[in-house]
Amino acid sequence: MPSTRAVTIAVLLLLFTASPALAQFDGPGAEQGPDTVQALLDNPQDDQTVTLQGNVLEKVGHEKYAFSDETGQIRVEIESEVFPERRVTPETNVEIYGEVEKDFLRSPEIDAERLTIVTSESPQPDAGQ
């Protein structure tokens with residue numbers, strides 16, 4: 001029979017290693033956030049969750065970057081732990097998932113929680129042709 005100490009350690013390990021799910025419902029009745037920089041800038045809402053695709057253009061401060069899509073540009077806070085292990089250049093297409101930070105009398109920015117590189121896959125030709 002395991003000792004009380006071993007059971008306590010096992011329970012604590014289980015509690016500290018369990019990670020919360022980031023999934024959200026996406027369907028009828030779900031709130032849809034802006035999907036472009038311009039849509040976000042037109043109606044920024046503090047703590048609103050956003051997912052945007054575009055490019056990280058340049059570093060503008062400590063963990064602050066200029067991000068752009070076809071519609072506009074916005075500042076994004078990206079902590080070093082959020083960057084993927086692959087190199088990201090201004091030509092790299094990325095997807096940023098995060099929250100809008102809108103402070104009084106300041107331009108809105110995004111606090112990135114996740115940054116992924118978007119790869120464009122070209123369709124494979126049929127083997128029979």
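The following dialogue explains how to read several features of this predicted model.

Reader: Which strands are joined by bridges to β3?

Author: Two strands pair if DSSP finds at least two bridges between them. Strand β2 (residues 64–69) and β3 run antiparallel and are joined by 6 bridges. These two strands form a hairpin with 2 residues between them, and serine 68 has glutamine 73 in β3 as its bridge partner. Strand β5 (residues 109–117) runs parallel to β3, with 3 bridges joining the two. On that side, arginine 75 stands opposite glutamate 109, and valine 76 has isoleucine 110 as its bridge partner.

Reader: How many bridges join β4 to β5?

Author: There are 8 bridges between β4 and β5, which run antiparallel. One place to look is glutamate 95, which stands opposite threonine 116 in β5.

Reader: Which residues form the covered face of strand β3, and which the uncovered one?

Author: In strand β3 (residues 72–77), Gly72, Ile74 and Val76 form the covered face, and Gln73, Arg75 and Glu77 form the uncovered one.

Reader: What share of the protein chain is made up of buried residues?

Author: A residue is buried under 20% relative accessible area, exposed over 50%, and partly exposed in between (1.4 Å probe, protein chains only). Buried residues account for 26% of the 129 residues in the protein chain. The accessible surface of the protein chain, by the Shrake-Rupley method with a 1.4 Å probe, comes to about 9600 Å², and 51% of it belongs to carbon and sulfur atoms.

Reader: Which residues have the most contacts inside the largest nonpolar core?

Author: A nonpolar core is a set of buried Ala, Val, Leu, Ile, Met, Phe, Trp, Tyr and Cys residues joined through side-chain atoms within 4.5 Å. The largest one has 18 residues, and Phe67, Val76, Ile78, Ile96 and Ile110 have the most contacts inside it. At least two residues of this core come from each of α2 (37–42), β1 (49–61), β2, β3, β4 and β5. The largest share, 4 residues, is supplied by β5.

Reader: Which residues does phenylalanine 67 touch?

Author: Contact means heavy atoms within 4.5 Å. Leaving aside residues up to four places away in sequence, phenylalanine 67 touches several residues, including Val37, Leu52, Val56, Ile74, Val76, Val94 and Ile96. For the protein chain, 54% of the contacts between residues at least 6 apart in sequence join residues at least 24 apart.

Reader: How many aromatic pairs does a search of the whole structure find?

Author: A pair of aromatic rings is described by the distance of the centres and the angle of the planes. Rings of Phe, Tyr and Trp (its six-membered ring) pair if their centres lie within 6.5 Å; planes under 30 degrees apart count as stacked, over 60 as edge-to-face and the rest as tilted. The search of the whole structure finds 1 aromatic pair. Tyrosine 65 and phenylalanine 83 form this edge-to-face pair, at 5.3 Å centre to centre with 75° between the planes. The pair links distant parts of the chain, 18 residues apart: tyrosine 65 is in strand β2, and phenylalanine 83 is in the loop between β3 and β4 (94–101).

Reader: Is tyrosine 65 buried or exposed?

Author: Tyrosine 65 is buried because its relative accessible area is 14%. Phenylalanine 83, at 23% relative accessibility, counts as partly exposed.

Reader: Where is leucine 105 found, and what is its phi?

Author: Most residues other than glycine have a negative phi. Leucine 105, in the loop between β4 and β5, has a positive phi near 65°. At 77% relative accessibility, leucine 105 counts as exposed. Glutamate 63, in the loop between β1 and β2, also has a positive phi, near 60°.

Methods:
Residues are numbered from 1 along each chain as its sequence is written. This is a predicted model: local features need pLDDT of at least 70, side-chain atom pairs count only at pLDDT 80 or more; totals for chains, interfaces and linings use all residues. Side-chain values use heavy atoms; hydrogens and water are left out.
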